[in-house]
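Me: I've got a model open and I'd like to talk through some strands and rings. Shall we take a look?

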Amino acid sequence: MRVAGRVRVPGDKSITHRALLFAAMARGRTHVGGALTSLDARSTARVLRQLGAAVSPLRPDTVVTIQGAGRLRRSARTLDCGNSGTTTRLLLGLLAGHRFPTTLTGDASLRRRPMRRVTGPLALMGARVSERGGDGLPLTIRGGELRPLRYEMPVSSAQIKSCLLLAGMVGGVEVALREPHGRSRDHTERMLRAFDYAVAEEDGWLSFRPDGEIVPFDLQVPGDPSSAAFLVGAAVLAEAGELAITGVGLNPTRTGFLQVLQRMGAAIEVEELESRVGEPAGDLIVRPAALRATSVAATEVPALIDEIPILAVLASRAEGTTVFHEVGELRVKESDRLGLIAENLRAVGSRAEIVGDDLHVVGEQTPPHGPVRTAGDHRLAMAFKVLGTLPGARIRIDDLACAEVSFPDFPGTLRRIAVGSRR
């Protein structure tokens, strides 16, 4: 395959979720352009409507309007968060400061994901949580008056961190958090600072003081770097050409995958052009390259956790053995993502092994052949679709439609960047 052209990726999923949630807490009308319109983003918009915010439909190339009331209102219905862990966990933080009960559920995948990692510290702050069937959904949270929190997080996670910061914001209490392995994405902190909340880092602790105010705002969401990663991967594996991916978010807590790929020999140029509400954005210029193996340290993982599927696929085409250290958190994503990465790489003829919480991938040059089981995991589907662009590849993906969770029309975008492909 030869790549060519300029392409934009869908709006950043993390920023879209947060923009909708912040807008619902503002008293007045907010406008969000470039918002992601995927299933996950629609889940956030849907539950916010149930909680009293007026959110216009999420459609491509339109500005989303959110009319917030400054507080959420009680919903008599159970909130269905779909497949979105971000919707669920961040919303739990907001609900912790509201004096009414709310029940949340989701699809089969989301119901299996652990929630005590957020409901535990929320309970320490004063929220009351009732579980229906153990550590997961459905659950009911009843908020109220909250207490300050000083908490050492069990894992580095932007969802846990954001949940607790949002609880501090709506509850009007101070929060101090420490992450154990590296710094997770910081979109929530940047947004809080934009509204004059005091958010500081010192001696490994992140501190929050509730002295700001959420007001209506206008925001243009940059392209999602996690979505861009799949197109970067396709361009790196291509036989020739050059691809420009424009308007991509370049938040340094999201671009760890670019540093790893450059270390592996990928030809990627980063052109930073602008900043949008504290979020840097720019263009990525990518050319095909021969890759070599690398080692990804545990401290790097929080800044590239969502890109490990595509990085593992690319490692399967690199010279040598690539090791991803301490990636056990992948077991509790939309699927057992860690187990399925290794299983599927082996299924298409590559060598991959899990050793404790480390993933070892050995590079191969023979064309990949075989079936891929996604378990409905969008990032696995897209990663192996990229692998299927190699000459001679014959990969059968059981559910490519699940890519709609984060990247609407991903197969079409992949076709549009390909020149002279028979796929």
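Reply: Buried means under 20% relative accessible area, exposed over 50%, and partly exposed in between, with a 1.4 Å probe and protein chains only. This is a predicted model, where local features need pLDDT of at least 70, side-chain atom pairs count only at pLDDT 80 or more, and totals for chains, interfaces and linings use all residues. Residues are numbered from 1 along each chain as its sequence is written, and side-chain values use heavy atoms, leaving out hydrogens and water.

Me: Is F410 buried or exposed?
Reply: Its relative accessibility comes to 0%. That is under the 20% limit, so F410 counts as buried.

Me: How are the rings of F230 and F410 arranged?
Reply: Rings of Phe, Tyr and Trp (its six-membered ring) pair if their centres lie within 6.5 Å; planes under 30 degrees apart are stacked, over 60 edge-to-face, the rest tilted. Here the centres are 6.1 Å apart and the planes sit at 70 degrees, so the pair is edge-to-face.

Me: Which strand pairs with β16 in the antiparallel sense?
Reply: Strands are DSSP runs of E, at least two residues, and helices are runs of H or I, at least four, numbered from the N terminus. Two strands pair if DSSP finds at least two bridges between them. β2 (residues 6-8) pairs with β16 in the parallel sense over 3 bridges. The antiparallel pairing has 5 bridges, and the partner is β18.

Me: How many residues of β16 are buried?
Reply: β16 spans residues 243-249 and is mostly covered. The buried count is 7 of its 7 residues.
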